[in-house]
Amino acid sequence: MVGVGGNWWRSHQNAGSEEASVPTTDLPTRGPARPAPYVISGVLIAIGIVFPLIVPIYARSEPALFGIPFFYWYQMLWVLIDAGLLWICFVLMIREDRRRRDAARRDSGSTPGEQAKR
Amino acid sequence: MSAESAVAAATAPAHPVNGVALTVVIVIFVIVAVMGFVAARWRITPEERGMHSLDEWGLGGRGFGSWITWFLLGGDLYTAYTFIAVPAAMWSTGAVSGFFAVPYTVVLYPIVFLLMARLWSVSHRHGYVTPADFVGGRYGSKSLSTAVAVTGIVATMPYIALQLVGIKAVLTVLGLGSGANVFTQDLPLIIAFVVLAAYTYTAGLRAPAAIAVVKDLLIYIAVIVAIVWLPWQFGGWDGIFHAATVKMSATNPATGLPVGSVIPGATSFNAYWTLALGSAMALFMYPHSVTGVLSTKSRNTIRRNAVVLPIYSLMLGFLALLGYVAIKAGTTPIGLDGKVNPQLVVPQLFIDHFPAWFAGVALAAIAVGALVPAAIMSIAASNLFTRNIYRDLFKPNATDAEEAKVSKLVSLVVKLGALLFVIIMDQAAAINMQLLGGVWILQTFPAIVAGLYTRWFHRWALLIGWAVGITYGTVAAYGVVNPVTHAHFGGPIAPIPFLNIPIYIAVTAFVLNAIVSVVLTLVFRATRVPDGLDRTTASDYGADEGDPRVVSVLEPLGPKVEA
């Protein structure tokens with residue numbers, strides 16, 4: 001459902017690395033996730049997807065706005081609502097991302113500058 | 001000017017050449033072409049000039065920031081054909097076939113926000129250029145990645161052809177294309193496309209990125225002016241919606257049913273929301289959308305854009321309403337053959353009710369608006385061919401320079417194909433193919449999107465699910481018969497099998513596809529059918545700009561995906 005990040009796929013990663021021929025070593029770039037930002041974002045994203053699609057709510061002409069039937073201005077209003085919801089998600093995600101990255105850097109003991117080198 | 005001039009235009013169906021508007025269009029086209037060529041030197045170091053890798057040519061150096069991405073994706077997703085077709089649908093049959101584009105481009109962005117950052121991260125780590133690259137790397141199955149690549153190419157080709165249909169509508173209204181033979185008729189179109197092909201070849205993705213800025217500004221000016229000026233001129237929205245209601249509630253002699261609806265009735269609710277949701281899920285499976293995402297500089301550029309891109313949806317909504325304005329204005333979109341062609345509605349509305357120079361700006365915006373997505377689509381389709389067919393299947397040791405060379409050439413072939421498609425075949429064929437393309441591309445959703453989160457699905461299950469979805473979708477779309485012309489591929493709506501609920505065919509096909517993928521995964525896991533090799537790791541999906549790229553050293557030139 002939420003799935004923007006979270007830990008649950010980690011179990012999978014271990015299954016994958018059993019394959020001896022995989023020439024990769026996983027070096028986490030982010031520390032463990034805190035659920036709250038992901039849960040909140042998930043709920044907001046779900047609202048942003050589900051509500052504009054419930055047609056019976058808005059398939060009517062009243063109340064009109066400047067002569068434009070409800071059906072039309074309501075759906076265009078959701079453009080702005082979705083932009084607002086995603087802005088909240090964006091701020092939450094950016095903060096959580098930064099926190100997790102800082103945590104990972106502290107763990108690995110190297111500076112961000114060293115890691116940034118390709 | 002007023003409604004009388006539109007009536008006068010109706011009595012003279014032949015389009016006279018509008019000199020002023022045509023001059024404005026040509027001037028803007030020349031400026032854009034110059035920008036396209038100059039873009040080859042934009043933000044590039046001298047050593048990288050000539051663009052000897054797909055990262056440079058096909059993804060613009062993978063360095064676009066938030067602003068350029070906003071213009072690029074805006075130009076990429078809201079195509080000229082959208083600007084032509086959505087108001088045309090509103091003008092013809094009203095809300096269900098036209099206005100669903102608004103909820104479609106609203107629910108699109110939560111989906112993009114959710115999925116695309118992860119796709120960006122894993123692609124950044126492994127040097128993936130196409131969605132099929134990711135599927136190949138994730139599932140270790142060449143069959144599956146080839147299926148995704150072929151679907152992408154086949155779905156994109158008619159989409160490019162439709163951009164030409166958009167340019168053609170503009171040219172018709174300007175009075176061009178009425179020559180005696182096929183060649184002179186399509187000469188302006190051919191010239192426009194040769195120029196497009198030339199600057200895409202030299203500048204790659206940088207060309208549409210630069211042009212998109214001009215195109216978007218022009219479109220915004222045209223739409224804002226039209227949406228303020230025209231309703232005022234025709235006595236407000238009340239009268240406009242009244243005229244639309246009168247037209248839609250009249251009876252269509254061919255079907256005995258109303259022409260359309262201004263407010264959808266309960267029977268079309270399911271069609272309406274499935275069209276919106278299915279289209280939104282499909283859009284970022286198209287290779288040209290993924291190209292736009294992967295050309296960005298950092299993981300969160302696309303998320304920031306998901307917040308600000310909806311402004312385009314607002315504009316699209318107003319543009320859709322211009323279809324109703326045209327009903328009130330009495331616009332008569334008569335093609336060069338003397339028949340009614342709804343796709344001419346918006347260009348004709350601008351020519352009828354604005355000074356010639358401003359109509360020229362608006363028409364140029366639409367025409368240039370066709371060039372941006374056409375360029376990106378051809379780049380995306382040729383990247384798919386180069387990476388997932390040429391390299392994966394035939395030339396596993398292709399160098400970066402070879403890949404770029406092949407991709408550039410293929411982009412020319414793709415554009416030529418689209419041009420021939422439009423010139424030789426019926427325009428309706430392009431529209432049918434685009435309809436099918438939307439159904440097909442959604443069938444790559446389970447493989448791509450599930451892969452971003454889990455490796456639970458089995459590669460063969462996904463492949464068989466894909467095949468089932470494609471087959472059902474094609475058969476169902478063929479079965480839809482247009483009540484007037486009795487032609488097949490009459491529309492995107494069909495009843496769910498064994499139920500009498502009409503919904504978007506792509507969604508039914510997608511559900512079938514997903515069910516088959518889940519069931520067969522359980523079967524293959526139980527019978528221990530060997531799984532593919534996963535070359536990605538968990539941290540790949542959260543990697544950002546500046547993170548250590550442990551795997552990338554090994555991946556791009558390393559051994560390729562096994563069978």
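Biologist: Which hand is assigned to the crossing where helix 9 of chain B passes helix 17 of chain B?

Modeller: The crossing is right-handed. That word is used if the near helix is turned clockwise from the far one by less than a right angle, and left-handed if anticlockwise. This is a predicted model, in which local features need pLDDT of at least 70, side-chain atom pairs count only at pLDDT 80 or more, and totals for chains, interfaces and linings use all residues. Residues are numbered from 1 along each chain as its sequence is written, while chains are lettered from A and ligands numbered from 1 in the order in which they are written.

Biologist: What describes the packing of two helices?

Modeller: The angle between their axes and the distance between the axes describe it. Helix 9 (residues 142-174) and helix 17 (residues 345-353) of chain B pack at about 30 degrees, with axes 9 Å apart. Helices are DSSP runs (H or I, at least four residues), as are strands (E, at least two), numbered from the N terminus. Ala169(B), Val170(B) and Val173(B) of helix 9 meet Pro347(B), Gln348(B) and Ile351(B) of helix 17; contact requires C-beta atoms, placed from the backbone, within 7 Å.

Biologist: At what angle do the axes of helix 4 and helix 11 of chain B cross?

Modeller: The axes of helix 4 (residues 66-77) and helix 11 (residues 206-233) of chain B cross at roughly 80 degrees and come within 8 Å. Helix 4 of chain B is therefore roughly perpendicular to helix 11 of chain B, a term for angles of 65 to 115 degrees (under 35 is roughly parallel, over 145 roughly antiparallel, the rest oblique). Residues making the contact include Ile68(B) and Phe71(B) of helix 4 and Pro208(B) and Ala209(B) of helix 11.

Biologist: Why is Ala101(B) called buried?

Modeller: Ala101(B) is called buried because 25 other C-beta atoms lie within 10 Å. The cut-off is 20 or more within that distance, with exposed at 12 or fewer and partly exposed in between. Ala101(B) lies in helix 7 (residues 101-126) of chain B. Leaving aside neighbours within four places in sequence, Ala101(B) is in contact with Thr82(B), Val86(B), Leu316(B) and Ala320(B). The C-alpha atoms of Ala101(B) and Gly317(B) are separated by 7.8 Å, although these residues are 216 residues apart along the chain.

Biologist: How do you know that the length of helix 23 of chain B agrees with its residue count?

Modeller: The expected span is 1.5 Å times one less than the number of residues. For the 22 residues of helix 23 (residues 505-526) of chain B this gives 32 Å, and the end C-alpha atoms are 32 Å apart, so the values agree. Among the buried residues of helix 23 of chain B are Phe510(B) and Leu520(B).

Methods
Two residues are in contact if their C-beta atoms, placed from the backbone, lie within 7 Å. Axes are lines fitted to C-alpha atoms, for helices over the stretch in contact, and angles run from 0 to 180 degrees between N-to-C directions.
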